[in-house]
Amino acid sequence: MDVRLAPAGPDLRERLLALAPRPEQERFAGRLTETLPAAEADREREPVAILADGEPVGFFVLHRGPAAGELAPDRRDVLLRAFLVDARAQGRGIATRALAALPDFVRERLPGVHRIVLSVNVKNPIAMRTYARAGFADSGRLYLGGAAGPQHVYELWL
């Protein structure tokens, strides 16, 4: 299976809006019906599609600038937000492959970025393992501003 990342442009919009994580994961990743329009309306956010064999199966947002907040305070940081793989596509290694492609995608699309930062809920061990397998390291900090409770802050230096 070929997994790659692509800007989430108008050509993918309707198919992306049909994606959703498992119901119990939604509190961690959010709803695409909210995260995609928010990203489209903000010049500091780049919505990204995860494609498997050319079909959208996942989504995330890369967020830079002051509104990215305390997790990515440096202009050379980018915050990874709202990462999800559609429930029907989970369990096939798509998230791991998408995260493996992320450093090259960021280097190409966001020159000058030196660190990718994300937060992962302390009650989401599957996501923690997935991010660790992709090379993200737990920074040892906790982010307490998450709507679903405390979150570990992970980072990947480019």
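Predicted model: local features only at pLDDT ≥ 70, side-chain atom pairs only at ≥ 80, totals over all residues.
Residues are numbered from 1 along each chain as its sequence is written, and side-chain values use heavy atoms, with hydrogens and water left out.

## Overall build

The chain holds five helices and seven strands, where helices (H or I, at least four residues) and strands (E, at least two) are DSSP runs numbered from the N terminus. In sequence order these elements give the pattern β-α-α-α-β-β-β-α-β-α-β-β. The radius of gyration of the chain is 14 Å, close to the 15 Å that the globule rule gives for 158 residues, so the chain is as compact as a globular protein of that length; the radius is taken over C-alpha atoms, and the rule is 2.2 Å times the number of residues to the power 0.38. Along the principal axes, the C-alpha atoms fill a box of roughly 35 × 30 × 25 Å.

Of the 158 residues, 47% count as buried, a term that means under 20% relative accessible area, with exposed meaning over 50% and partly exposed lying in between (1.4 Å probe, protein chains only). Among the contacts in the chain with a separation of 6 or more, 63% are between residues 24 or more positions apart, a contact being heavy atoms within 4.5 Å.

## Charges and salt bridges

There are 22 positive and 20 negative side chains, and the centres of the two sets lie 3 Å apart. Here Lys and Arg count as positive and Asp and Glu as negative, while His and the chain ends are not counted; the place of a charge is taken as NZ of Lys, CZ of Arg, CG of Asp or CD of Glu. The count of salt bridges comes to twelve, each being a side-chain nitrogen of Lys or Arg within 4 Å of a carboxyl oxygen of Asp or Glu. The table gives some of them.

| Salt bridge | N to O distance |
|---|---|
| Arg31 and Glu26 | 2.8 Å |
| Asp77 and Arg115 | 2.7 Å |
| Arg115 and Glu155 | 2.6 Å |

Asp77, in strand β4 (residues 77-85), and Arg115, in strand β5 (residues 115-121), are 38 residues apart, and their pair links distant parts of the chain. Asp77 is buried at 2% relative accessibility, and Arg115 is buried as well, with a relative accessible area of 10%. The bridge from Arg115 to Glu155 also links distant parts of the chain, since Glu155 lies in strand β7 (residues 151-157), 40 residues from Arg115. Both Arg115 and Glu155 are buried.

Salt bridges that share partners join Glu26, Arg31 and Glu34 into one network. Within this group, Arg31 is partly exposed at 44% relative accessibility, and Glu26 is partly exposed with a relative accessible area of 26%.

## Glu55

Glu55 is found in strand β3 (residues 55-63) and is partly exposed, with a relative accessible area of 42%. Leaving aside its neighbours within four places in sequence, Glu55 is in contact with Arg15 and Ile50. Ala95 is 40 residues from Glu55 in sequence, and the two are 14 Å apart in space, C-alpha to C-alpha.
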